[in-house]
Amino acid sequence: MDTARDALPDDIAALKQALTTERAKALDIAAELAVARAKASEDSALIAQQKLRIAKLERQIYGQRSERSSRLVDQLALTFEELEASATEDELAAERAVARTTVRGFTRTRPDRNTFPDHLPRQRVVIDPPTACECCGGNRLRKLGEDVTRTLESVPRQWKVVETVREKFSCRDCEKISQAPAPFHAVARGWAGPSLLAMIVFEKFGQHQPLNRQAERYALEGV
C-alpha cells in the first residue's frame with residue numbers, strides 16, 4: 001500500500017482540498033473512459049459501414065445471386081444503423097463528461113453519406129455561437145467541436161451585355177480620324193458572343209434541344 005497516499009491530513013481544510021483533488025481526478029478518469037468508449041463506437045460504426053459498402057458493391061458487380069445475399073445486405077444495413085445510433089449516444093455522453101473536466105474533447109468523424117465532388121466551390125457560413133449557457137446562464141463556454149451541414153445549391157444563369165467601347169480621335173494636323181479596330185465576332189456583324197454560340201450549339205447537338213425550345217427558355221429568363 002502507498003503509505004504517503006493513505007496518510008490523511010488532520011486539518012479540515014487540507015482534507016477538503018484532498019477530497020476536491022480526488023473528485024477532479026475521478027471526473028477526469030470518467031471523461032477519458034467516455035472518450036475511449038466513443039472512439040470504440042466510432043470504429044465499430046466505420047467497420048460496419050465498410051462491410052455494408054463492400055456487400056453492396058459485390059451485389060452490384062456480380063448481381064443478386066440469391067435471396068441470402070439480399071438478406072445479408074439488409075442485415076448489414078440494420079447493424080450499421082444501430083451502431084451509428086450507439087456512436088452518436090456515446091459521443092454525446094463524452095461531450096457531457098468532458099465539459100466538466102480538462103480532458104481533451106472528442107469529435108466523431110461521421111461518414112459522408114452525401115459526398116459532393118471536391119472541385120465544387122465551398123461557401124462557409126458560420127452561425128454565431130451562444131454567448132451564455134442555456135442551462136445556468138454562465139459565460140465560461142469552451143468549444144468542443146462543430147457540426148457541419150452541407151447543402152447543394154445552384155447559382156442561376158446570368159446574362160450580361162458586353163459593351164466594347166472604341167474611342168475615336170481626330171488628328172489636329174491632318175484632320176484624320178483614328179480608331180481601334182472592331183472586336184472579332186464569331187459571326188460577322190453578329191450580336192451573339194462566343195460563349196452564347198457555344199452553349200446554343202452544345203444544347204442543340206449535345207443535349208438535343210431544338211432552337212425553338214431554347215428560344216422559349218431564354219425568353220422566360222428575360223432575354
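Leu-57, Ile-61 and Tyr-62 make a nonpolar surface patch of about 360 Å² in this predicted model. Such a patch joins nonpolar side chains within 5 Å, from residues with over 30% relative accessible area and no salt bridge; a salt bridge is a side-chain nitrogen of Lys or Arg within 4 Å of a carboxyl oxygen of Asp or Glu. Areas follow the Shrake-Rupley method with a 1.4 Å probe. Ile-61 lies in helix H2 (residues 12–62); helices are DSSP runs (H or I) of at least four residues, and strands (E) of at least two.

This is a predicted model, in which local features need pLDDT of at least 70 and side-chain atom pairs count only at pLDDT 80 or more, while totals for chains, interfaces and linings use all residues. Residues are numbered from 1 along each chain, and side-chain values use heavy atoms, without hydrogens and water.

The largest nonpolar core has seven residues, including Ala-31, Val-35 and Val-98. A core is a set of buried nonpolar residues joined through side-chain atoms within 4.5 Å. H2 and helix H3 (67–98) each give two or more residues to this core, and H2 gives the most, with four.

There is one aromatic pair, with ring centres within the 6.5 Å limit. Trp-159 and Tyr-218 are edge-to-face (planes over 60 degrees apart), at 5.2 Å centre to centre and 70 degrees.

The table compares accessibility (buried under 20%, exposed over 50%, partly exposed in between).

| Residue | Relative accessible area | Class |
|---|---|---|
| Ile-61 | 63% | exposed |
| Trp-159 | 31% | partly exposed |
| Tyr-218 | 9% | buried |

Conventions. Patches are made of residues with over 30% relative accessible area and no salt bridge: like charges are joined within 9 Å, nonpolar side chains (Val, Leu, Ile, Met, Phe, Trp, Tyr) within 5 Å. Buried means under 20% relative accessible area, exposed over 50%, partly exposed in between (1.4 Å probe, protein chains only). Rings of Phe, Tyr and Trp (its six-membered ring) pair if their centres lie within 6.5 Å; planes under 30 degrees apart count as stacked, over 60 as edge-to-face and the rest as tilted.
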